[in-house]
Amino acid sequence: MSVPLPALASGAQVATMCPDAGVFKELIGGVCWSALFPLRIAGSTWFGGNSGVPNGAASGAVCECGGSWKHLTLPTVGIQIGYWQPTMLIEAVSHPFCSPVLGGVSLSPSSTTGNQWTGSWGGNIGTGTSTGQHNSTFFNVQLWTFPLITMMQLANIPDCNTGYSGMNLMLMSEVFPTWNNDLLSFLASPEELLYDNPIGLIGSAEECAQESVGAQPIDNEYWTAGCWGLLYPMVGSNLDGNDPIQASSMDVSRMIAMGFRLGFLERTMGNSTLCGPRRTYVLPKAQFRFQILFPNDETNQEPNASINLGNTTQPSAQSIPPANYVTPAASSQGTVAQPGGVNIQAPPTQSGECTHWMGQSPFQWGEWDSQPATGGNYVYLVWQWTNCCLGIIGHQGPTG
């Protein structure tokens, strides 16, 4: 007996609901490279930068790792370093198994639409986005490891202790029965009873207010994602039915929180992580910053190439440029040309940065980034603060 293998479906049928995000064509002009800074070396902050040093980052100068008197081995002595690096790509999609990151293909192992699996493998309210009856929005989410500095060999900056060496699919909501079932999610995370209530919303409002005036996320309030809403329940549906930017950001945050809860993700920020990452089951929110890549990238840079709506031949009028397309005459705004002669103005971020904190109001960085004809799909590049010990005596290189 032969068993059919999973197929990556593409073409006009999939393209109508699963666009190509053009991620690999945007690695130069579409990535916020200034988010690498500042660097923290031996307790001092270097090279400025708008990303800032997160609260809770290691702040000492010297570090010591390893060594054992019992085995007569000397420890590694070095200097502490810390910096931001892109480590993950996360796509929030309106149709299950859709992957704009992979060029608009469907990852469904049984059909080009994914409907045959989603009843018991993560669900699909209808066939994707929203249920107008409850004014709620639903996204499926796929999390890819994406250590861009390592993959592109851009600099001799040690990869510290993220543990990622290439692009791999780590988590996908379609295979979690809890993602579309509030009851199953509660059984998996019963602590949500303490936070998914008006008291939890008070904490969310407090963090939103602080982030709106420039503060960082509050790690102690681990049940909330600031202006985006509550991290509980960890499901794909939320009440922000009229705001896909906020809703997709919320679901991306919930997937990251689930990754920590399940032990897939680890803490890389703080004194305790200098000698290697530490497992924690609570999301360290200040460890991450986000950059929306699709449908509009947060850098306001001119795109490297257009996005194809499918693998079939299309007239040039059907090719939609991704991101905030900057014309020579518009230095502070992006103009995205649409079929039919309609242009979308994409204002620059209000904060003057091209990445943002978890929970930061979309009105400060990307409320205008929802683009027609992209099917309600979004791709985010996740930047992660990483501390490690750069060995000088005893072991050369990072100890993580």
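Modeller: Happy to! One term before we start: a residue counts as buried when its relative accessible area is under 20%, and as exposed when that is over 50%, with partly exposed in between. Also keep in mind that this is a predicted model.

Biologist: Which residue does Arg254 form a salt bridge with?

Modeller: The partner is Asp251, and the closest N and O atoms are 3.9 Å apart. Arg254 and Asp251 both sit in helix α7, 3 residues apart, which is about one turn of the helix. Asp251 is buried too, with a relative accessible area of 0%.

Biologist: How many salt bridges does the structure hold?

Modeller: There are 4 salt bridges. One of them joins the side chains of Arg261 and Glu191, at 2.3 Å from N to O. That pair links distant parts of the chain: Arg261 is in helix α7, while Glu191 is in the loop between α4 (182-188) and α5 (192-195), 70 residues apart.

Biologist: And how accessible is Arg261?

Modeller: Arg261 counts as partly exposed, at 28% relative accessibility.

Biologist: Are Glu207 and Lys285 buried or exposed?

Modeller: Glu207 is buried, with a relative accessible area of 0%. Lys285 is buried as well, and its relative accessible area is 0%.

Biologist: Helix α7 keeps coming up, so let's stay there. Where is Phe260 found?

Modeller: Phe260 is in helix α7, which covers residues 244-262. Phe260 is buried, with a relative accessible area of 0%.

Biologist: What is Phe260 in contact with, leaving aside its neighbours within four places in sequence?

Modeller: Its contacts include Leu265, Arg267, Tyr281, Val282, Leu283, Pro284 and Phe288. Val282 is 22 residues from Phe260 along the chain, and their C-alpha atoms are separated by 6.4 Å.

Biologist: Phe288 is in that list. What does Phe288 touch, not counting residues up to four places away?

Modeller: Among them are Trp84, Met88, Ile256, Phe260, Leu283, Trp357 and Trp383.

Biologist: Let's zoom out. How many residues does the largest nonpolar core have?

Modeller: The largest nonpolar core has 39 residues, and those with the most contacts inside it are Leu143, Trp228, Ile256, Leu283, Phe288 and Phe290. At least two residues of this core come from each of β4 (76-93), β9 (140-145), α7, β12 (288-294) and β16 (378-393). The largest share is from α7, with 9 residues. There is also a second, separate core of 35 residues, which includes Cys32, Leu36, Cys160 and Met269.

Biologist: New topic: aromatic rings. How many aromatic pairs are there in the whole structure?

Modeller: A search of the whole structure finds 13 aromatic pairs. One is Phe139 with Tyr378, an edge-to-face pair at 6.0 Å centre to centre with 75° between the planes. Phe139 is in the loop between β8 (136-138) and β9 and Tyr378 is in strand β16, so the pair ties together parts that are 239 residues apart in sequence. Phe139 counts as buried at 1% relative accessibility, and Tyr378 is buried at 2%.

Biologist: Why is the pair of Trp228 and Trp365 edge-to-face?

Modeller: Their ring centres are 6.3 Å apart and their planes are at 65°, so the pair is edge-to-face, given that planes over 60 degrees apart count that way. Both Trp228 and Trp365 are buried.

Biologist: Which residues form an aromatic cluster?

Modeller: Tyr195, Tyr222, Trp223 and Tyr232 form one aromatic cluster.

Biologist: Last one. Which residues form a nonpolar patch on the surface?

Modeller: Phe37, Ile41, Trp46 and Phe47 form it, with about 400 Å² of accessible area together. Ile41 is in strand β1 (residues 39-41) and is partly exposed, with a relative accessible area of 30%.

Terms used:
Residues are numbered from 1 along each chain as its sequence is written. This is a predicted model: local features need pLDDT of at least 70, side-chain atom pairs count only at pLDDT 80 or more; totals for chains, interfaces and linings use all residues. Side-chain values use heavy atoms; hydrogens and water are left out. Helices (H or I, at least four residues) and strands (E, at least two) are DSSP runs, numbered from the N terminus. Buried means under 20% relative accessible area, exposed over 50%, partly exposed in between (1.4 Å probe, protein chains only). Contact means heavy atoms within 4.5 Å. A nonpolar core is a set of buried Ala, Val, Leu, Ile, Met, Phe, Trp, Tyr and Cys residues joined through side-chain atoms within 4.5 Å. Patches are made of residues with over 30% relative accessible area and no salt bridge: like charges are joined within 9 Å, nonpolar side chains (Val, Leu, Ile, Met, Phe, Trp, Tyr) within 5 Å. Accessible areas come from the Shrake-Rupley method with a 1.4 Å probe; for residues, only the protein chains shown count as cover. Rings of Phe, Tyr and Trp (its six-membered ring) pair if their centres lie within 6.5 Å; planes under 30 degrees apart count as stacked, over 60 as edge-to-face and the rest as tilted.
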